[in-house]
Amino acid sequence: MIKVVQYINQFFANVGGEEMAHIPAEVRTEIVGPGLAFQQAFKDEAKIVATIVCGDSYFNENLEEAKKTILEMIKEYNPDLFIAGPAFNAGRYGVACATIAAEVKEQLNIPVLTGMYKENPGADMFKNKVYIVSTKNSAVGMKDAVKKMAPLALKLAKGEKILSSAEEGYLPNGIRVNFFEKERGSKRAVNMLLSKLQDKEFETEFPMPDFDRVEPNKAVKDITKAKIALVTSGGIVPKGNPDHIESSSASKFGKYDIDGVMDLTEETYETAHGGYDPVYANLDADRVLPVDILREFEQQGKIGSLHRYFYTTVGNGTAVKSSKAFAAEFSKELKQDGIDAVILTST
Amino acid sequence: MVKEIERAGIPVVHMCTVVPISLTVGANRIVPTIAIPHPLGNPALTMEEEKDIRRNLVARALRALETEVTEQTVFEK
Amino acid sequence: MKLELGYIYIKDIQFAEKSKVENGTLYVNKEEIKALVMEDQNFKSVEVELAKPGDSTRIMPVKDVIEPRVKVEGPGGIFPGMVSKVQTVGSGKTHVLKGAAVITTGKIVGFQEGIIDMTGTGAEYTPFSKLNNLVLVCQPVEGLKQHEHEKALRFAGYKIAIHLGELARTLVPDESEVFETPTVKEGFKLYPELPRVAYVLMLQSQGLMHDTYVYGVDAKQSLTTMLYPTEIMDGAIVSGNCVSACDKNTTYHHINNPVIHDLFSEHGKTLNFVGVIITNENVYLADKERSSDWSAKLAEFLGLDGVIISQEGFGNPDTDLIMNCKKIEAKGIKTVIITDEYAGRDGSSQSLADADVSANAVVTGGNANEVINLPALEKVIGYTSVADIIAGGFSGSLHEDGSITAELQVITGATNEMGFNKLSAR
């Protein structure tokens with residue numbers, strides 16, 4: 001039997017409305033409020049062993065204290081699963097549910113689930129940390145919320161595979177999961193276009209991402225003294241690709257010594273990149289990684305020196321997250337080696 | 001990658017052909033190059049002519065590194 | 001322009017003394033096929049194999065998939081400008097061996113071809129596991145350059161598909177369907193109330209072995225232009241590329257373009273399907289700007305209300321996609337784009353290389369980085385050894401027992417960006 005602890009606010013516990021929002025957390029061992037519907041939906045698979053009731057104002061105004069106390073209360077019951085809410089569009093309640101759910105997940109390492117309306121401020125704050133089931137914007141949607149939350153809660157407790165957000169009903173959490181739709185893509189596109197043309201609501205299958213920004217660093221004061229490193233995502237590697245960098249979706253980067261190398265030739269270097277026509281780069285890798293010119297500049301004193309190593313990976317189909325991790329790793333080395341500036345080439 | 005290098009505190013110039021992608025991902029110093037399969041070359045030319053092009057592009061990249069910028073800047077010339 | 005497609009349903013394929021179609025079975029004379037392929041002096045040898053739905057068979061590395069068709073009425077022939085003479089196709093009558101396909105295989109680039117499994121997990125992701133396939137395993141002569149190998153293989157596929165298509169010339173179709181596109185003027189008169197919709201079809205054109213051909217013209221050397229949708233059904237556009245298998249448009253995808261079919265099924269009811277704008281995905285930024293400018297210009301010129309834009313490939317073509325979308329939206333024309341994603345093996349990374357707020361209606365073919373396990377199958381047509389280096393494979397992809405662990409990328413057609421499949425992601 002799966003043991004469940006649920007968190008609800010003063011309103012859903014029938015203690016009172018706004019005038020009772022100041023009450024501190026307390027434990028009830030009988031089933032309270034929405035717990036009834038959840039218990040019914042769980043049938044014999046799970047049992048709500050305790051319900052924590054806490055005022056919304058109390059939780060938010062005494063955040064650290066509330067988190068600590070509630071965590072202690074939950075621990076008592078050694079549950080297999082923690083459910084908070086659903087909070088619908090109640091802002092402070094939503095934030096409380098998501099905050100405590102995230103805390104429980106992190107501290108007690110048990111599966112957690114909450115539910116709220118997509119515009120609840122708690123949703124944006126925590127949807128990438130805990131599963132938040134998308135509900136209607138008021139308690140009228142309780143039945144619907146339980147219908148989605150109860151099965152997902154059981155799945156989480158049993159450690160079963162969680163399908164895509166579209167199938168399970170949780171708010172998209174930044175993790176893309178494949179699944180089979182009912183209609184093929186072209187038909188979905190036609191239907192989406194018709195809705196868009198008729199000014200009806202439609203849901204994009206992929207919301208556009210926000211790209212973060214980094215402030216530019218100060219310019220190099222005297223380039224003729226600078227130590228410059230070469231980095232490329234064009235997959236230039238010593239002939240034979242000694243580290244087997246993948247042609248697409250690279251899982252690693254390479255670091256290669258070019259001490260004394262004046263020119264990249266057909267016999268010595270090639271590209272491992274599978275996303276562009278490799279002929280030109282294979283004939284003369286300087287076309288992607290300009291070692292020849294930088295050596296020339298080095299001799300003429302136009303730059304201080306060219307760094308002994310170059311770093312390389314294949315950008316083709318490689319997850320942004322992976323290339324970020326590669327760069328974070330080798331940037332540390334570059335920093336340690338006293339590099340003043342980097343030339344990064346991409347294909 | 002370009003952002004991570006920048007984040008580490010090293011000035012970086014991104015030499016690439018598809019400038020819009022570089023702008024979208026957030027490079028701050030950008031030098032536009034020739035074509036995707038040969039950013040710093042042009043196989044239609046002789047080796048010497050190609051080297052001239054490459055010399056100019058690398059020189060432009062060095063200039064970009066020497067230039068203070070406050071926002072994303074494409075060094076067209 | 002009006003075209004009737006007559007479907008002859010193929011439920012089985014067998015080798016026989018005489019090539020023919022009888023009671024839904026495609027009989028093929030193996031030696032005849034071999035002799036036809038060997039007419040090309042670029043080949044040293046050829047093997048011809050069969051792969052049917054449910055067979056414990058893996059085909060790899062796959063280059064192209066082609067549906068056999070034959071033009072029985074009207075001007076021109078299948079694959080105009082490539083195999084048949086250059087003449088505008090898309091009208092009259094065409095017979096189709098529905099349920100059959102010719103598959104070409106070969107180690108051309110080594111890593112830019114795909115896998116088709118006829119059973120198991122892999123089969124669920126590729127539409128070609130449902131077809132009765134004739135597979136050509138061609139060995140090039142020593143020293144043949146990659147691009148010459150690609151070209152020879154491309155033409156071998158067309159030749160055999162046309163040869164099989166000829167078997168349908170005198171048959172009575174099991175079922176027929178008519179597709180008609182009025183002229184711009186007639187369209188305005190016929191459907192004054194309906195929104196005017198076109199399809200912007202982006203063609204892979206990144207260079208040698210990453211090309212698509214339109215009436216024999218290399219798409220990278222063409223400006224954005226227009227076609228009647230039915231021209232494409234007669235093979236006006238063919239694939240000549242070796243890119244990641246999951247989102248390359250094979251010749252089969254082109255002649256069966258699902259966006260065209262699904263727009264036709266709404267034509268005259270909820271929308272007026274005006275035509276197809278074809279544009280390319282070149283490697284020079286100036287080309288990208290020019291081609292997308294022209295897509296937007298033609299869309300405006302045609303007085304459109306909406307477009308569907310489909311992509312081919314990923315990475316820098318994401319920029320062409322976003323440029324097309326942004327520039328067409330800027331004309332006040334509504335867009336839906338079809339793409340696929342590279343969100344990392346765990347799905348938590350950024351999916352596209354480029355983005356814009358105007359791209360607010362997106363259909364996705366799924367995350368190509370998702371890892372799948374393909375069981376060992378009894379028979380492998382082609383060469384398994386490429387599993388480690390194929391795009392989407394990694395060192396250790398191929399296990400000793402013949403099973404493969406790799407990204408979905410390796411499966412031919414798995415995340416198709418014309419919306420050929422039901423696969424999606426959230």
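This is a predicted model: local features need pLDDT of at least 70, side-chain atom pairs count only at pLDDT 80 or more; totals for chains, interfaces and linings use all residues.
Residues are numbered from 1 along each chain as its sequence is written, and chains are lettered from A in the order in which they are written. Local features need pLDDT of at least 70 and side-chain atom pairs count only at pLDDT 80 or more, whereas totals for chains use all residues, and side-chain values use heavy atoms, with hydrogens and water left out.

**The two chains**

Chain C contains nine helices and 25 strands, where helices (H or I, at least four residues) and strands (E, at least two) are DSSP runs numbered from the N terminus. Its radius of gyration is 21 Å, close to the 22 Å given by the globule rule for 426 residues, so chain C is as compact as a globular protein of that length; the radius is taken over C-alpha atoms, and the rule is 2.2 Å times the number of residues to the power 0.38.

Chain A has 11 helices and 14 strands. With a radius of gyration of 28 Å, well over the 20 Å that the globule rule gives for 347 residues, chain A is more spread out than a compact globule.

| Chain | C-alpha box | Buried residues |
|---|---|---|
| Chain A | roughly 80 × 50 × 40 Å | 58% of 347 residues |
| Chain C | roughly 55 × 55 × 35 Å | 65% of 426 residues |

**Helix α10 of chain A**

Helix α10 of chain A spans residues 291-299, and seven of its nine residues are buried, so the helix is largely enclosed by the rest of the structure. The buried residues are A:V291, A:D292, A:I293, A:L294, A:R295, A:E296 and A:F297. Their cover includes β8 (227-232), β12 (305-306) and β14 (341-345) of chain A, together with α3 (47-66) of chain B. After α10(A) comes A:G301, which has a positive phi, near 75°.

**C:K327 in helix α9 of chain C**

C:K327 lies in helix α9 (residues 317-330) of chain C and, at 18% relative accessibility, counts as buried. Leaving aside residues up to four places away in sequence, C:K327 touches C:E289, C:S292, C:D293 and C:A296, a contact meaning heavy atoms within 4.5 Å. With C:D293 there is also a side-chain to side-chain polar contact at 2.9 Å, that is, a pair of N or O atoms within 3.5 Å, one able to donate a hydrogen and the other to accept it, with residues adjacent in sequence counting only if both atoms are side-chain atoms.

Key: Buried means under 20% relative accessible area, exposed over 50%, partly exposed in between (1.4 Å probe, protein chains only).
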